[in-house]
Amino acid sequence: MTKFGTIWRETFRRYWRTMVIFAIINVVIWFVVLALVKFNAFGLHDLALKSIKANFVNDASSHKINHSGAFGGFVQLTWHNYLGGLATVAISLIPIPFWWVTAVMNPASIGYLLGLSPIPVTTFFAGIFPHSIVEMPMQWLEFSIAWETFRLIWQNIRTKQGWWHGVDWRRIITILIVVVLPMAIVAGAIESFITPALLNMAK
C-alpha cells in the first residue's frame with residue numbers, strides 16, 4: 001500500500017499544474033457550448049432535439065448515463081472510460097495532435113447536455129458532478145500524460161532523434177494501471193449505482 005501511495009503522490013505532484021490547465025479549459029468549453037445550445041446558435045438546439053428523437057430507442061437502451069444499475073452496466077461503463085484513457089495516451093505517441101479532439105469533445109458533450117437541460121444546475125449536480133469528482137481528474141491526468149508525451153516526441157523530431165526516445169514507458173504504464181484504472185472503477189461505480197438514484201430524486 002505504501003508503494004501505491006507513493007506512486008499516487010508522485011503522479012499528482014508531477015502533473016497537477018497541467019491538470020489545472022485542462023480543468024480550466026474544460027470549464028470554459030462547458031460554458032461556451034452551453035451558451036451556444038441555449039441560444040440555439042447554428043441551430044444546435046434544434047439539431048440536438050431531432051437527433052434525440054431519431055435515436056430515442058437506441059439511446060434508451062445504450063446511452064452511457066442511462067444505466068439500470070446492473071453490474072454488467074458498471075463493468076461496461078468502467079471499461080469504456082478506461083479504454084478511452086488508454087486510447088488518448090496511445091494517440092499522443094503520434095506527432096499529430098489527434099488526442100486534442102478527445103480533450104475538446106469530452107467537455108463539449110457535457111456543455112451540450114447541460115444546454116439541452118431545462119434546469120442545467122440540477123442536471124449538473126445530480127447527473128454529472130457525483131461521478132465527475134473522480135472521472136474528470138482522471139481525464140485531466142490522461143490529457144497531461146498525453147501532452148507531456150506529445151511534447152517529448154516533437155522535441156525528439158526537432159533534435160533528429162527517434163520519435164519515442166526518452167519516453168518513460170514503465171512510468172506511463174504504471175500510472176495507467178495503479179492510478180487511472182482505480183479511478184475509472186470508482187467513477188464507473190458512482191455513475192452506475194449512485195447517479196441514477198440521484199437523477200430519480202431530482203425529477
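User: Which residues of α5 are buried?

Analyst: The buried residues of α5 are Trp-99, Ala-103, Pro-107, Ala-108, Ile-110, Gly-111, Leu-114 and Gly-115. Buried means under 20% relative accessible area, exposed over 50%, and partly exposed in between, with a 1.4 Å probe and protein chains only. Helices are DSSP runs of H or I with at least four residues, numbered from the N terminus.

User: What kind of model is this, and how are residues numbered?

Analyst: This is a predicted model, in which local features need pLDDT of at least 70 and side-chain atom pairs count only at pLDDT 80 or more, while totals for chains, interfaces and linings use all residues. Residues are numbered from 1 along each chain as its sequence is written, and side-chain values use heavy atoms, leaving out hydrogens and water.

User: Changing topic, how many salt bridges does the structure hold?

Analyst: There are three salt bridges, each being a side-chain nitrogen of Lys or Arg within 4 Å of a carboxyl oxygen of Asp or Glu.

User: Which residue forms a salt bridge with Arg-14?

Analyst: Glu-148 does, with the closest N and O atoms 2.9 Å apart. This pair links distant parts of the chain, as Glu-148 is in helix α6 (residues 120-158) and Arg-14 in helix α1 (residues 2-38), 134 residues apart.

User: And where does Arg-171 come in?

Analyst: The side chain of Arg-171 meets Glu-148 in a salt bridge at 3.2 Å, N to O. Arg-171 lies in helix α7 (residues 169-202) and Glu-148 in helix α6, so the pair ties together parts 23 residues apart in sequence. Arg-171 also meets Asp-168 at 3.6 Å, N to O.

User: Is Asp-168 buried, partly exposed or exposed?

Analyst: Asp-168 counts as partly exposed because its relative accessibility is 36%.

Terms used. Helices (H or I, at least four residues) and strands (E, at least two) are DSSP runs, numbered from the N terminus.
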